[in-house]
Amino acid sequence: MTDPESQIDTQLARLGRDPQLHRGTVNVPVYRASTILFDSVGALADARAHRYDPSFVYYGTYGTPTVHALEEAIAALEGGYAAVAVSSGLAACTSSILAFVQQGDHILVTDSVYEPTRSFCDGVLARMGVATSYYDPRIGAGIAGLMQPNTKLVFTESPGSQTFEIQDIPAICAAVHARGALVLMDNTWATPLFFRALDAGVDVAIHAATKYVAGHSDAVTGLIVTTETCYMPVRKLTTLLGQYVSPDEAYLVLRGLRTMSIRLRHQQASALALARWLETQPEMLRVLHPALPSHPDHALWQRDFRGAAGLFAFVMQPAAPAAVAAFLDGLRFFALGFSWGGFESLILHVKPAHARTATDWDESSGELIRLNVGLEDPIDLQADLEAGFARLRAHG
Ligand SMILES: *Cc1c(COP(=O)(O)O)cnc(C)c1O
């Protein structure tokens, strides 16, 4: 039920829904099922022949109509051929890579990658005999110089979710495709609303739907959107791994999807206002927000993205651990916690230096603080941070 001509907000209200198939119910119901029953030997054989086709229901782990609706919606939003839902964002990253490599292969991964993806490459992939090299996220077309004859794929993530480097995805895709390899992208930050990965040339777009798609800090799901040629390798691999999304989880993620655009627009505006204000604070060394002209990749962001999400970071002057704790511990509206993309604001003191091998992150020159700006009034959020800076200053 996708009309490719309709505007994105209209699509968000309609994608994956077909009330006529469900007795008029507005939302696709939660179909809980392990077993699917078939009318006849012929119908069973037909379902088996089409078991990787989301318009058929075959067995619970292959997805019920609730999960298929979510897959259909995200595939349409990202402009892909089809999508595969998996148990978490991390599972989406790892199974997308696994689908395309074998012993003796080599892959290239951005140095700014989500850290557990890196740990998977250095641990599991290395054990399987697949070698990983890390590259400067700002390498652009220079990626060509790092490609080896056995390089099967280049993994990108733009921006990095702690350090916010924007990658030149079109240039990377052109260089990598010229050498017959694939480009995978973790597109969790921008969502398909702010960056259309497949339009930019990416073969496999990955979303931790746990973040903005679900949007309410109550669900964990990963989504993989692929081109036609990449669909079957991913679908078969995730099926063989036993990857599964419960219909309850899929229902929550679909419910979140309906409001993703208005949430993101609000979060975008609040985050940008806070980022601009933070730039004026005396403690500030750098605000890492790609929509700020001061960001080193601002031009690239402007060229390729349609918006900026509510997650960004800043580097403030070095401070004693107790002073940073005084800043963070007294906050009323920014809570300490992992994950992001929910309706509530979060803050973290992050230290990415230990997970860098191709580039340096100088931790001694300042404290890196990451904000997930939620749906609270930005006036309250600014006052909260202002009081935090006062506590920091009082600490000396
Ligand atoms: C959170 C996150 C993931 C993993 O998602 P989970 O659902 O928590 O496993 C992957 N990539 C990025 C960029 C993330 O921020």
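1. Let's start with H3 and H9: Thr66, Val67, Ala69, Leu70, Ala73 and Leu77 in H3 meet Pro247, Ala250, Tyr251, Val253, Leu254 and Leu257 in H9. Contact here means heavy atoms within 4.5 Å. By class, this contact has eleven nonpolar residues, one polar and no charged ones. Ala, Val, Leu, Ile, Met, Phe, Trp, Tyr, Cys and Pro count as nonpolar, Asp, Glu, Lys and Arg as charged, and the others, Gly among them, as polar.

2. A word on where this comes from. This is a predicted model, in which local features need pLDDT of at least 70 and side-chain atom pairs count only at pLDDT 80 or more, while totals for chains, interfaces and linings use all residues. Residues are numbered from 1 along each chain as its sequence is written, and side-chain values use heavy atoms, with hydrogens and water left out.

3. Now the geometry of that pair. The axes of H3 (residues 65-78) and H9 (residues 247-258) come within 8 Å and cross at roughly 35°. Axes are lines fitted to C-alpha atoms, for helices over the stretch in contact, with angles running from 0 to 180 degrees between N-to-C directions. The H3/H9 crossing is left-handed (near helix turned anticlockwise from the far one by less than a right angle; right-handed if clockwise). Helices (H or I, at least four residues) and strands (E, at least two) are DSSP runs, numbered from the N terminus.

4. Compare H10 (residues 260-279) and H13 (residues 378-394): their axes come within 10 Å and cross at roughly 30°. H10 and H13 therefore count as roughly parallel (angles under 35 degrees; over 145 is roughly antiparallel, 65 to 115 roughly perpendicular and the rest oblique). Their crossing is right-handed. By class, the H10/H13 contact has seven nonpolar, two polar and one charged residues.

5. Next, Asn187, in the loop between strand E5 (182-186) and helix H7 (191-194). Asn187 is buried, at 0% relative accessible area (buried is under 20%, exposed over 50%, partly exposed in between, with a 1.4 Å probe and protein chains only). Its side chain reaches the backbone oxygen of Phe195 at 3.0 Å. Asn187 and Ile206 are 19 residues apart in sequence, yet 5.7 Å apart in space, C-alpha to C-alpha.

6. Finally, Asp304 sits in helix H11 (residues 298-304). Asp304 counts as buried because its relative accessibility is 19%. Leaving aside residues up to four places away in sequence, Asp304 touches Pro170, Phe194 and Phe195.

Conventions: A polar contact is a pair of N or O atoms within 3.5 Å; within protein, one must be able to donate a hydrogen and the other to accept it, and residues adjacent in sequence count only if both atoms are side-chain atoms.
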